[in-house]
Amino acid sequence: MPLFSFIIRRILQMIPTVIFILIVTFVLVRLLPGDPASAMLGDRALDADVERINRQLGLDQPLPVQFLYYVERIVTGDLGNSIGLKVSVMSLILQRLPVTLMLTLMSAVIALALAVPLAFVAALKREQLPDSIIRGTFQVGLSMPVFYVGIVLLTVFAAQLKLFPVGGYGDSFGDRLYHLFLPALTLALSFAAVLMRNLRASIIGVMSAEYVDFATAKGLRSRVILIRHILRNALISTVTLFGLQIGSLFGGAVITETVFAVPGAGRLLIDSIYGRDYPVLQGLTIALAILVSLTFLVTDIVQAWLDPRIAR
């Protein structure tokens, strides 16, 4: 019951966050240089044509009126039409966003698969050779920019060894996993380094706790102690960090999708910025922001499950 009440409170707390996201998105898009009418009509557009387009888009109205109109359309599910592509923004988001979600999910899974076992090895072999090798290797990956890691992986494994495609998304589910593996690995390497260092420190701290010594004195098997007592408590801070880093994954996906020519939401976001496509830019920003907020919600729920005191 306390967990259910905690979930309801967190959902209610998301409402002001969503409102704030709408305000910030509306204001920031208006601060971009240029205007959509000039982007649509080109550099040689006549003033009369620019005024006509602005009137059609409602950009000739005062900002408060534009914001109310903007909120009304979002609430009704009408995100407008793309200025450059001449199609519904909602259809574009539904087409491109699953690609980014799949890329982000693959990155998170790979990062966890790398970070959790290696953090255990590093913690159990603290200050020994395996610990130094693991930390040193991840430090190298953490110090390199995402786009550089992507270019290196693309050059070695795609261009030279030809083990993976140089870009694209594929058609079937298995083909998409194959195409997205290198982009996902690019995002996962730095993500795994952050998670590994945090989880290693947490495991070392938990291993010295009194309840672990008590469990050992009771004669519990090492496997039970590691999973039930050490891992569960060590994951609390790592789950929080995981949720915070998901937002960084979405940001990194923008760069990675550009490097690997992946037709996802990140690449569409870049194109909409260059094309001053206000409706697409606003729709994608809101969708990604809400996804990050939902990720924080899930993170809080998992954290409350691991430590029931949080839900009180």
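## Exposed and buried

A residue counts as exposed when its relative accessible area is over 50%, and as buried when that area is under 20%. Values in between count as partly exposed. Keep these cut-offs in mind for what follows. The model here is predicted.

Take Glu127. Its relative accessible area is 56%, so Glu127 is exposed, because 56% is over the 50% cut-off. Arg135 has a relative accessibility of 26%.

## A network of salt bridges

Which residues are linked in a network of salt bridges? They are Glu127, Asp131, Arg135 and Arg200. Glu127 pairs with Arg135, and their closest N and O atoms are 4.0 Å apart. Asp131 pairs with Arg200, with the closest N and O atoms 2.9 Å apart. Arg200 sits in helix H8 and Asp131 in helix H6, so this pair ties together parts that are 69 residues apart in sequence.

Are Arg200 and Asp131 buried or exposed? Both are buried.

The structure has four salt bridges in total. One of them joins the side chains of Asp300 and Arg10. The N to O distance is 2.5 Å. Asp300 belongs to helix H12, which covers residues 278-306. Arg10 belongs to helix H1, residues 2-31.

## Where H5 meets H6

Now look at two helices. H5 spans residues 89-124, and H6 spans residues 129-143. Their axes come within 8 Å. The crossing angle is roughly 145°.

Which residues make the contact? H5 supplies Leu114, Leu118, Val121 and Ala122. H6 supplies Pro130, Asp131, Ile134 and Phe138. Seven of the contact residues are nonpolar, one is charged and none is polar. Asp131 is the charged one, because Asp counts as charged. Asp131 also forms the salt bridge with Arg200.

## A glycine in a loop

Gly170 lies in the loop between helix H7 (146-160) and helix H8 (173-207). What does Gly170 touch, leaving out residues up to four places away in sequence? The partners are Asp175, Arg176 and His179.

Asn198 is another point to find. Gly170 and Asn198 are 28 residues apart along the chain. Their C-alpha atoms are separated by 35 Å.

Note on methods. Residues numbered from 1 in each chain as written. Predicted model: local features only at pLDDT ≥ 70, side-chain atom pairs only at ≥ 80, totals over all residues. Heavy atoms only, no water. Axes fitted to C-alpha atoms, helices over the stretch in contact; angles between N-to-C directions. Helix = DSSP H or I, 4+ residues; strand = E, 2+ residues; numbered from the N terminus. Contact = heavy atoms within 4.5 Å. Buried < 20%, exposed > 50% of the residue type's maximum accessible area, 1.4 Å probe, protein only.
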